[in-house]
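Here are my notes on the model, as numbered points. Please read them with the structure open.

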Amino acid sequence: QVQLVESGGGLVQAGGSLRLSCVASGSIFSINAMGWYRQAPGKQRELVAGISSGGSTNYPDSVKGRFTISRGNAKNTVYLQMNSLKPDDTAIYYCNADQGGLVYWGQGTLVTVSE
């Protein structure tokens with residue numbers, strides 16, 4: 001049983017930056033990977049960043065070079081540093097965790113990027 005809570009969303013102008021945080025609690029010791037997804041109105045949820053328990057990361061081309069995912073030293077926190085934000089980045093961003101095949105989601109945090 002894992003609970004995820006995101007924070008850090010808000011309104012930012014194009015070209016600006018935001019840092020999202022996700023804190024995991026509960027039975028966190030068996031978490032294998034964590035990630036960030038986003039969902040814009042009328043669109044499907046998509047992966048924007050993933051990180052494995054070993055620290056390897058992956059990003060889609062749409063955010064590569066602009067977004068960086070990292071984990072805290074305690075391994076119960078994951079961050080998403082978002083730079084050079086674009087209006088197309090506007091979405092609800094969700095934290096995700098995989099625990100031996102079980103998938104958990106946070107409640108989401110809204111990121112709005114103005115022109």
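1. The link between C22 and C95 is left-handed, with -85 degrees about the S-S bond. The two residues form a disulfide, with their sulfur atoms 2.1 Å apart; a disulfide here is a pair of cysteine sulfur atoms within 2.5 Å. A search of the whole structure finds 1 disulfide. C22 lies in strand β3 (residues 18-26) and C95 in strand β9 (residues 91-99), so the bond ties together parts that are 73 residues apart in sequence. Strands (E, at least two residues) are DSSP runs, numbered from the N terminus.

2. This is a predicted model: local features need pLDDT of at least 70, side-chain atom pairs count only at pLDDT 80 or more, and totals for chains, interfaces and linings use all residues. Residues are numbered from 1 along each chain as its sequence is written, and side-chain values use heavy atoms, with hydrogens and water left out.

3. Both C22 and C95 are buried, where buried means under 20% relative accessible area, exposed over 50% and partly exposed in between (1.4 Å probe, protein chains only).

4. β9 pairs with strand β10 (residues 102-105) in the antiparallel sense over 4 bridges; pairing requires that DSSP finds at least two bridges between two strands. Q99 has L102 in β10 as its bridge partner. The two strands β9 and β10 form a hairpin with 2 residues between them, and G100 in the turn has a positive phi of about 55 degrees.

5. S62 sits in the loop between β6 (57-58) and β7 (67-71). S62 is partly exposed, at a relative accessible area of 38%. From S62 to D88 the C-alpha to C-alpha distance is 9.7 Å, with 26 residues of separation in sequence.
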